[in-house]
Amino acid sequence: MGDLEQLRQEAESLKKQIEEARKAVADTTLAELTSGIEVVGRVQMKTRRTLRGHLAKIYALHWSTDSRLMVSASQDGKLIVWDTYTTNKVNAIPLRSSWVMTCAYAPSGNFVACGGLDNMCSIYNLKTRDGNVKVSRELNAHSGYLSCCRFLNDNEIITSSGDTTCALWDIETGSQKTVFTGHTGDCMSLAVSPDLNFFISGACDWSAKLWDVRDGNCRQTFTGHESDINAICFFPNGNAICTGSDDATCKLYDLRSDQELTSYSQESIICGITSISMSRSGRMILAGYDDFNCNLWDCMKGDRAGVLAGHDNRVSCLGVTDDGMAVATGSWDSFLKIWN
């Protein structure tokens with residue numbers, strides 16, 4: 001038992017070193033730094049479009065890089081690609097498994113992907129010669145459900161799973177290039193950095209991790225939440241990350257100083273966060289909640305700046321367009337709404 005005790009002590013001393021390093025670079029607080037900044041004031045957004053067509057709970061949505069097309073996944077067993085300007089359905093793709101939990105749009109606009117309780121990531125080619133959308137690959141190696149997936153390019157995709165791992169796939173060969181292990185609970189969501197060299201994952205071990213896509217190593221781990229982390233996103237410049245948890249708080253972590261900057265919560269909000277995204281400037285954090293609302297937080301001041309109320313059930317997913325002009329919310333009420 002001596003060895004184990006020694007290792008325990010070693011781990012404790014390493015933790016202390018990390019704490020000290022974090023204290024050393026904590027030269028100011030976000031509140032002090034932003035004390036001279038004007039508050040945002042009330043942000044009021046209106047519903048500009050309501051996308052109707054799904055027949056069951058919507059679980060995921062993802063914008064195309066053109067900020068016009070969007071893919072959504074619902075447990076009616078359909079993946080729908082929408083033209084959000086006209087509200088027309090560009091594609092309605094029937095899925096082999098209706099228990100879908102995530103979907104993703106490739107940056108090129110050529111492919112969409114989805115997955116869920118079938119433990120697989122299915123890739124669909126939208127640009128086939130005959131115009132019919134068909135499965136181009138089924139990526140099958142996770143031993144748990146697929147919670148999130150994001151393309152790096154047309155041949156690489158990163159997935160997170162209930163088996164506690166994340167994986168980088170070569171779509172052409174259908175094999176895992178890298179497996180990212182380190183979480184001790186189900187991985188719930190992931191987000192890719194703006195330069196595509198890193199990604200972050202949030203998990204049911206109450207921690208968020210930063211991974212290097214190139215060598216497969218975990219670079220940083222962020223703790224502080226008191227329940228599962230359901231949603232995660234990058235600050236637009238890639239230097240910070242934002243997390244949303246079942247503990248009813250969102251947190252902002254700085255990558256360079258390796259620590260939590262601030263937490264966003266209110267006494268009156270007691271339900272968990274399902275989804276999170278940031279405005280293009282990074283000033284606003286948008287978070288979807290179990291209480292059917294989406295709250296807007298002033299990232300700098302930590303105050304609630306607005307609320308998007310319009311759904312009749314849990315807001316399960318949300319996303320801001322690449323051009324920053326609109327936000328989409330998807331809900332268990334089977335509707336998608338576009339706001340700005």
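What is the relative accessible area of Gln266, and is the residue buried, partly exposed or exposed?

Reply: Gln266 is partly exposed, with a relative accessible area of 30%. On this scale, buried means under 20% relative accessible area, exposed means over 50%, and partly exposed is in between, using a 1.4 Å probe and protein chains only.

Before going on, keep in mind that this is a predicted model: local features need pLDDT of at least 70, side-chain atom pairs count only at pLDDT 80 or more, and totals for chains, interfaces and linings use all residues. Residues are numbered from 1 along each chain as its sequence is written, and side-chain values use heavy atoms, with hydrogens and water left out.

Back to your residue. Gln266 sits in the loop between strand 21 (259-264) and strand 22. Helices (H or I, at least four residues) and strands (E, at least two) are DSSP runs, numbered from the N terminus. Setting aside neighbours within four places in sequence, Gln266 has contacts with Trp297 and Arg304, where contact means heavy atoms within 4.5 Å. Arg304 is 38 residues from Gln266 along the sequence, with 8.3 Å between their C-alpha atoms.

The other partner, Trp297, takes us inside. Trp297 is one of the residues with the most contacts within the largest nonpolar core, along with Cys250, Ile276, Ile285 and Tyr289. That core has 19 residues. A nonpolar core here is a set of buried Ala, Val, Leu, Ile, Met, Phe, Trp, Tyr and Cys residues joined through side-chain atoms within 4.5 Å. Two or more core residues come from each of strand 18 (229-234), strand 19 (240-245), strand 20 (250-254), strand 22 (273-278) and strand 23 (284-289). As a rule, nonpolar side chains in soluble globular proteins tend to be buried together.

Ile93 belongs to strand 5 (residues 88-94) and is buried, at a relative accessible area of 3%.

Now for some loops. Phe292 lies in the loop between strand 23 and strand 24 (293-298). Its phi is near 80°, a positive value in a residue other than glycine, and Phe292 is partly exposed at 35% relative accessible area. Ser334 likewise has a positive phi, near 80°, without being glycine. Ser334 is in the loop between strand 27 (327-331) and strand 28 (336-339), and its 13% relative accessibility makes it buried. For background, most residues other than glycine have a negative phi.

Arg256 is in the loop between strand 20 and strand 21. Its relative accessible area is 64%, so Arg256 is exposed.

Thr184 falls between strand 13 (175-180) and strand 14 (187-192). Beyond its neighbours up to four places away, Thr184 touches Thr164 and Asp205. Asp205 is 21 residues from Thr184 in sequence, and their C-alpha atoms are separated by 5.6 Å.

Finally, zoom out. The chain has two helices and 28 strands, and buried residues make up 52% of its 340 residues. Its C-alpha atoms fill a box of roughly 65 × 50 × 30 Å along the principal axes. Among contacts between residues at least 6 apart in sequence, 44% join residues at least 24 apart.
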